[in-house]
Amino acid sequence: MELCKDTSVKMNDGHRIPVVGFGTYAPDTVPKSKCEEAVKVAIEVGYRHIDGAYFYENEEEVGRAIREKIADGTVKREDIFYTGKLWSTFNAPEMVQSALKKSLKSLQFDYIDLYIIHTPLSLKPGDDLCPVDENGKLIFDNVDLCATWEAMEACKDAGLVKSIGVSNFNRRQLEMILNKPGLKYKPVCNQVECHPYLNQRKLLEFCKSKNIVLVAFSALGSHREERWVDQSTPLLLEDPVLNALAKKYSRSPALVALRYQLQRGVVVLAKSFTRKRIEDNFKVFDFQLTEEDMKAIDSLNQNLRYDLCQQFLDHPDPHNKDVPVSVKLNEEEIEALSSI
């Protein structure tokens, strides 16, 4: 498939998802106004896929940025593909639609293009996004994800969302949904951490076999926020192979990493708060990696996860088997955690 800035992939429900998306997560140190401005710049540059989440606590700003670019004639609402996410404190089926409506209210949208379960691990319902006990450990909730999925299906039937999917699911969790009796809609996507150091080869093969789109977050490594990321991990964009290929094509290492995902059939998310980088990252369509280049990048896989989220390892979900915490994970650990 020839790739260009307007390229989109048809999902299993017939709707299409643009192959390059703009991520809106920002650490607490980044003012929300900066995220709002970045979204406007991204739309001006040509991004039409905007990836957001309730957990990011900036949907009001993101929605305002999109509406402003609609108001000034840059885009129409139907040109924008917005992804929202159901946060883990709302996984209980009776809370799903109300959580979605909170996002719709913040965004001031009539519908969301794609709504996904943010993580398969459920947290205690309440106002705290990450509820903890007196020992600082997360307080989990026991929720049947099949029931959560039925509530997601009801949101689609109600016209509040066009497509529904999942995020951070491993193969077993995906199979649990796919094999659910009375399944009405398959997940259209699975959004996971995916980059040359963690290429998710097995999960990608499985998703392709089920016609589920794999969407890559942290495709350029990571934001390296201290509360989520081990600061001793290597910087992906300093990798010698990526830099050699960047020199070969007169591109940045970031563009090489993004192009790698597109040529694997992965939808990729890029994030930045500076105009130049936002513009540069969208220049991923005007060069192509050779088969040898792709193999060289494949060889970089270390099963190295930046977003460890070690707290989630205590979750009782039987589909999330307990594994040792480490930075470099083996294949079984990768399957167990699947980009939590």
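A nonpolar core here is a set of buried Ala, Val, Leu, Ile, Met, Phe, Trp, Tyr and Cys residues joined through side-chain atoms within 4.5 Å. Keep in mind that this is a predicted model.

Q: Which residues have the most contacts inside the largest nonpolar core, and how many residues does that core have?
A: The largest core has 87 residues, and V20, I50, I66 and Y82 have the most contacts inside it.

Q: What is V20 in contact with, once its neighbours within four places in sequence are left aside?
A: V20 then touches Y47, H49, L262, V268, F282, V284 and F285.

Q: What makes the phi of E57 worth a look?
A: Phi of E57 is near 60°, a positive value, and E57 is a residue other than glycine. You'll find E57 in the loop between β4 (49-51) and α2 (59-71).

Q: Why is E57 called partly exposed?
A: Its relative accessible area is 47%. Buried means under 20% and exposed means over 50%, with partly exposed in between, so E57 at 47% is partly exposed.

Q: Is S218 buried or exposed, and how do you know?
A: The relative accessible area of S218 is 17%. The cut-off for buried is under 20%, so S218 counts as buried. S218 sits in the loop between β9 (213-217) and α7 (240-249). S218 also has a positive phi, about 55°, although it is not a glycine.

Q: Which residues make the contact of α2 with α3?
A: On α2 they are E59, E60, G63 and R67, and on α3 they are S103, S106 and L107. By class, that contact has 1 nonpolar, 3 polar and 3 charged residues.

Q: What makes G265 partly exposed?
A: G265 has 44% relative accessibility. That value falls between the 20% and 50% cut-offs, so partly exposed is the label. G265 lies in the loop between α8 (253-263) and β10 (267-270).

Q: How many residues apart in sequence are G265 and V19, and how many Å apart in space?
A: They are 246 residues apart in sequence and 8.7 Å apart in space, C-alpha to C-alpha.

Notes: Residues are numbered from 1 along each chain as its sequence is written. This is a predicted model: local features need pLDDT of at least 70, side-chain atom pairs count only at pLDDT 80 or more; totals for chains, interfaces and linings use all residues. Side-chain values use heavy atoms; hydrogens and water are left out. Buried means under 20% relative accessible area, exposed over 50%, partly exposed in between (1.4 Å probe, protein chains only). Contact means heavy atoms within 4.5 Å. Helices (H or I, at least four residues) and strands (E, at least two) are DSSP runs, numbered from the N terminus. Ala, Val, Leu, Ile, Met, Phe, Trp, Tyr, Cys and Pro count as nonpolar, Asp, Glu, Lys and Arg as charged, and the others, Gly among them, as polar.
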